[in-house]
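Dear colleague,

Please find below the structure that I am handing over to you. The findings follow directly after it.

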Amino acid sequence: MKKAFTSKLLALTAALVVMTSLTGCFGTAAPQQSTTAPTTTTAPAEPVSGTDAASNSDVVVDDATAANIAMESYLDGFNTGDAAALADATCSSTISAYLKNNGKDKNFLVKSFEKSIANMHSSVDGTFFLDYDYSVTDANADQVNVFRFEIEALNAGDGEKVEALKFYNVTMKLASVASASDVTSSGDLVSGADVTEKESTQVEMRVYKLDGKWYVFAV
């Protein structure tokens, strides 16, 4: 067996650091100027549509459920090998504008996730499996303002469009399983599968609401 995953690799696995990847590729590009005046939006009190970057569903769900769907779709994307789903979970209009401003598009994210998944597969014998659980807390006003500043730096005028922010404390466990058939199409582990070399780590991740949809900010 190859050496078990280290905590450093676990953390990298959990957040193929999208914005770090972009920074490394593009350098310090200036944020794109918005053609519309910034507006302040607030999260609606009523349940919102579950249609988001991750769910591809029109079922009406509350914000907490929609945010969880985005996070779970992101994490499950590693197990299913679905780089497109990972890109969907992270590519908000802000990220899309940032990509465009630097001569790239969403396919850049897809290719980056494909490379990350391939690297994870090559690190173990058999097939890797990411197991996880999490707790979530809503960000306070100060934390939201700091996050809006980060978004503003990516694409001018988008900072105030952030409607809500949640912090996810994720406990992840990486293991190798005998074959890909030990993982279902939805990313779950088949009952009775032989799982080995499990390690765990904890990371904090952020999920934010923009344009009525929830996205993982994988940094």
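This is a predicted model: local features need pLDDT of at least 70, side-chain atom pairs count only at pLDDT 80 or more; totals for chains, interfaces and linings use all residues.

Residues are numbered from 1 along each chain as its sequence is written, and side-chain values use heavy atoms, with hydrogens and water left out.

Overall composition

The protein contains seven helices and six strands. Both kinds of element are DSSP runs numbered from the N terminus, helices being H or I with at least four residues and strands E with at least two. Along the sequence, their order is α-α-β-β-α-α-α-α-β-α-β-β-β. Of the 219 residues in the protein, 45% are buried; here buried means under 20% relative accessible area, exposed means over 50%, and partly exposed lies in between, with a 1.4 Å probe and protein chains only. Among contacts with a separation of 6 or more, 75% are between residues 24 or more positions apart, a contact being heavy atoms within 4.5 Å.

Helix H3

Helix H3 covers residues 63–80. Its 18 residues should span 26 Å at 1.5 Å a residue, and its end C-alpha atoms are 25 Å apart, which agrees. The expected span is 1.5 Å times one less than the number of residues in the helix. Buried residues of H3 include Ala66, Ala67, Ala70, Met71, Tyr74, Leu75 and Phe78; Asp63, Asp76 and Asn79 are also buried. After H3 comes Gly81, with a positive phi near 70 degrees.

Angles under 35 degrees count as roughly parallel, over 145 as roughly antiparallel, 65 to 115 as roughly perpendicular, and the rest as oblique.

The axes of H3 and H4 come within 8 Å and cross at roughly 150 degrees. H3 is therefore roughly antiparallel to H4. The crossing of H3 past H4 is left-handed, a term used if the near helix is turned anticlockwise from the far one by less than a right angle, with right-handed used if clockwise. Ala70, Ser73, Tyr74, Gly77 and Phe78 of H3 make this contact with Ala85, Leu86, Ala89 and Thr90 of H4. By class, the residues are six nonpolar, three polar and no charged. In this scheme Ala, Val, Leu, Ile, Met, Phe, Trp, Tyr, Cys and Pro are nonpolar, Asp, Glu, Lys and Arg are charged, and the others, Gly among them, are polar.

Helix H4 (residues 83–90) also packs against helix H6 (residues 106–122), at an angle of about 125 degrees and with the axes 8 Å apart. These two helices are therefore oblique to each other, and H4 passes H6 in a right-handed crossing. On the H4 side the contact is made by Ala83, Ala84, Leu86, Ala87, Asp88 and Thr90, and on the H6 side by Lys106, Leu109, Val110, Phe113, Glu114 and Ile117. Eight of these residues are nonpolar, one is polar and three are charged.

Between H3 and H6, the axes come within 9 Å and cross at roughly 55 degrees. H3 is thus oblique to H6. Here Tyr74, Gly77 and Phe78 of H3 meet Phe113, Ser116, Ile117 and Met120 of H6, a set with five nonpolar, two polar and no charged residues.

Individual residues

Tyr134 is found in strand S3 and is partly exposed, with a relative accessible area of 23%. Leaving aside neighbours within four places in sequence, Tyr134 is in contact with Asn68, Glu72, Tyr168, Asn169 and Val170. Tyr134 and Thr171 are 37 residues apart in sequence, and their C-alpha atoms are 6.0 Å apart.

Ala139 lies in the loop between strand S3 (127–138) and helix H7 (141–154). Ala139 is buried, at a relative accessible area of 17%. Beyond neighbours within four places in sequence, Ala139 is in contact with Val144, Leu165, Lys166 and Phe167.

Most residues other than glycine have a negative phi. Asp211, although not a glycine, has a positive phi of about 55 degrees. Asp211 sits in the loop between strand S5 (195–210) and strand S6 (213–217) and is partly exposed, with a relative accessible area of 47%.

With kind regards

How values were computed: Axes are lines fitted to C-alpha atoms, for helices over the stretch in contact, and angles run from 0 to 180 degrees between N-to-C directions.
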